[in-house]
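Here is a short report for someone meeting this structure for the first time. Have a look at the chain, then read on.

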Amino acid sequence: MGWQVAVEEWKGSWWLWWGLLSMLLVLEGRQQELPARVNLSAAPAPAPAVPTALHSKMDELEGQLLAKVLALEKERAALSHSSHQQRQEMEQELDALQGRVAELEHGSSAYKPPDAFKVSIPIRNNYMYARVRKALPELYAFTACMWLRSRSGGTGQGTPFSYSVPGQANEIVLLEAGHEPMELLINDKVAQLPMSLKDNSWHHICIAWTTRDGLWSAYQDGELQGSGENLAAWHPIKPHGILILGQEQDTLGGRFDATQAFVGDIAQFNLWDHVLTPAQVLGIANCTAPLLGNVLPWEDKLVETFGGATKAAFDVCKGRAKA
């Protein structure tokens with residue numbers, strides 16, 4: 001940079017002039033030592049003119065050197081002030097660039113807090129969906145809760161979510177196809193759920209299951225709607241699959257069917273590795289005791305949309321009354 005070059009040049013000038021001044025002072029000292037070397041027994045002689053002229057010249061040079069030193073000091077102060085200003089300007093520019101990078105990374109509608117958003121799928125098709133970017137562990141029990149607002153127009157609600165693993169496309173699926181009731185599939189085994197989402201309003205849904213005896217329960221808006229047993233009893237949920245919001249997977253991560261697609265909005269999809277209590281489910285549903293999933297929390301960085309599905313800032317507990 002220009003100011004760094006100037007500083008280096010100033011340092012060179014400073015040491016040059018300081019060396020000259022030191023040499024001058026040495027010469028002056030030697031001149032003062034000359035009388036001591038004269039033979040004291042000799043007759044006094046007239047003082048030579050050369051030392052007097054040399055002394056005058058040295059005085060003149062000394063004055064010039066001192067003036068140059070003062071000028072260099074002023075120049076150093078100016079460079080120091082200029083470099084400080086330049087550093088401040090550079091820091092301001094870097095701060096502005098970092099702020100811009102953050103905006104580009106997170107988008108103009110950065111979500112604060114990170115769970116305050118929704119995924120919207122506006123039309124029924126086989127290419128709009130969201131994918132959860134986190135692998136699930138092996139599960140012997142789970143509770144999946146979410147807020148849903150269906151816009152299917154009274155027909156089947158489609159597939160709010162599906163979890164597929166190698167060798168089993170229907171490891172976990174929540175599905176309502178056509179005029180059939182909503183169904184929970186685990187390892188391709190089916191249980192019908194007595195729930196309805198056909199009024200185009202926000203509803204809170206929780207599905208709980210445990211491998212022990214295949215016990216399951218279904219909640220809508222904090223109230224238990226149904227329960228049962230022998231749903232894929234003693235089958236552990238396999239790990240490292242793919243979790244999709246809005247589409248039913250016929251193969252691992254793909255082959256979607258538009259007739260089984262979800263149309264509407266999804267928010268606060270959370271997954272736990274245990275069965276929540278009825279009181280915990282109610283606290284989430286009435287927004288008095290929200291919980292984030294310990295296996296899968298609803299976070300912006302973990303949800304990626306595709307095909308035209310969108311994410312938008314949304315606080316479900318504040319916004320569902322206005323929606």
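What share of the contacts with a separation of 6 or more comes from residues 24 or more positions apart? In this predicted model, the figure is 69%. Contact here means heavy atoms within 4.5 Å.

**Ground rules**

Residues are numbered from 1 along each chain as its sequence is written, and side-chain values use heavy atoms, with hydrogens and water left out. The model is predicted: local features need pLDDT of at least 70, side-chain atom pairs count only at pLDDT 80 or more, and totals for chains, interfaces and linings use all residues.

**Overview**

The protein has four helices and 14 strands. Both are DSSP runs, numbered from the N terminus: helices are H or I with at least four residues, strands are E with at least two. Of the 323 residues, 41% count as buried. Buried means under 20% relative accessible area, exposed over 50%, and partly exposed in between, with a 1.4 Å probe and protein chains only. The protein exposes about 17,800 Å². Carbon and sulfur atoms supply 56% of that area. Accessible areas come from the Shrake-Rupley method with a 1.4 Å probe; for residues, only the protein chains shown count as cover.

The average pLDDT, the predictor's confidence in each residue from 0 to 100, is 82. A score of at least 70 is reached by 73% of the residues. Over residues 34–50, pLDDT stays under 50. That stretch has zero contacts beyond four places in sequence. Where pLDDT is low, the predicted coordinates should not be read in detail.

Seven strands form an open sheet in the order 10-9-8-3-12-1-14, with antiparallel pairing. Two strands pair if DSSP finds at least two bridges between them. Strand 10 and strand 14 (310–313) are the edge strands, and each pairs on one side only. Neighbouring strands of this sheet are turned by 25 degrees against each other on average, direction ignored. Axes are lines fitted to C-alpha atoms, for helices over the stretch in contact, and angles run from 0 to 180 degrees between N-to-C directions.

Helix 3 (residues 278–285) packs on this sheet. Helix 3 touches strand 3 (141–150), strand 8, strand 9, strand 10 and strand 12. Its direction makes about 155 degrees with that of strand 8.

Strand 9 (residues 215–220) has five of its six residues buried, so it is largely enclosed by the rest of the structure. Two hairpins involve this strand. Strand 8 and strand 9 have four residues between them, and Asp213 in that turn has a positive phi of about 65 degrees. Strand 9 and strand 10 have two residues between them, and Asp221 in that turn has a positive phi of about 55 degrees.

Another seven strands form an open sheet, ordered 7-6-5-4-11-2-13, and the pairing is antiparallel. Strand 7 (189–193) and strand 13 (303–306) stand at the edges with a single partner strand each, so one side of each is left without a neighbour in the sheet. Here neighbouring strands are turned by 20 degrees against each other on average, direction ignored.

| Strand pair | Bridges | Facing residues |
|---|---|---|
| Strand 8 (residues 202–210) and strand 9 | six bridges | Trp209 and Trp216 |
| Strand 9 and strand 10 (residues 223–228) | five bridges | Ser217 and Ser227 |
| Strand 1 (residues 117–121) and strand 12 (residues 264–272) | four bridges | Ser120 and Asp265 |
| Strand 2 (residues 129–132) and strand 11 (residues 242–245) | two bridges | Arg131 and Ile244 |

**Two buried residues**

Glu176 sits in strand 5 (residues 168–176). Glu176 is buried, with a relative accessible area of 2%. A polar atom of its side chain lies 3.0 Å from the backbone nitrogen of Gln157. At 10% relative accessibility, Ala232 counts as buried. Leaving aside neighbours within four places in sequence, Ala232 is in contact with Ile186, Asn187, Lys189, Trp209 and Thr211. The C-alpha atoms of Ala232 and Trp209 are separated by 9.6 Å, and these residues are 23 residues apart along the chain.

Key: Polar contact = N/O pair within 3.5 Å; in protein donor to acceptor, adjacent residues only side chain to side chain.
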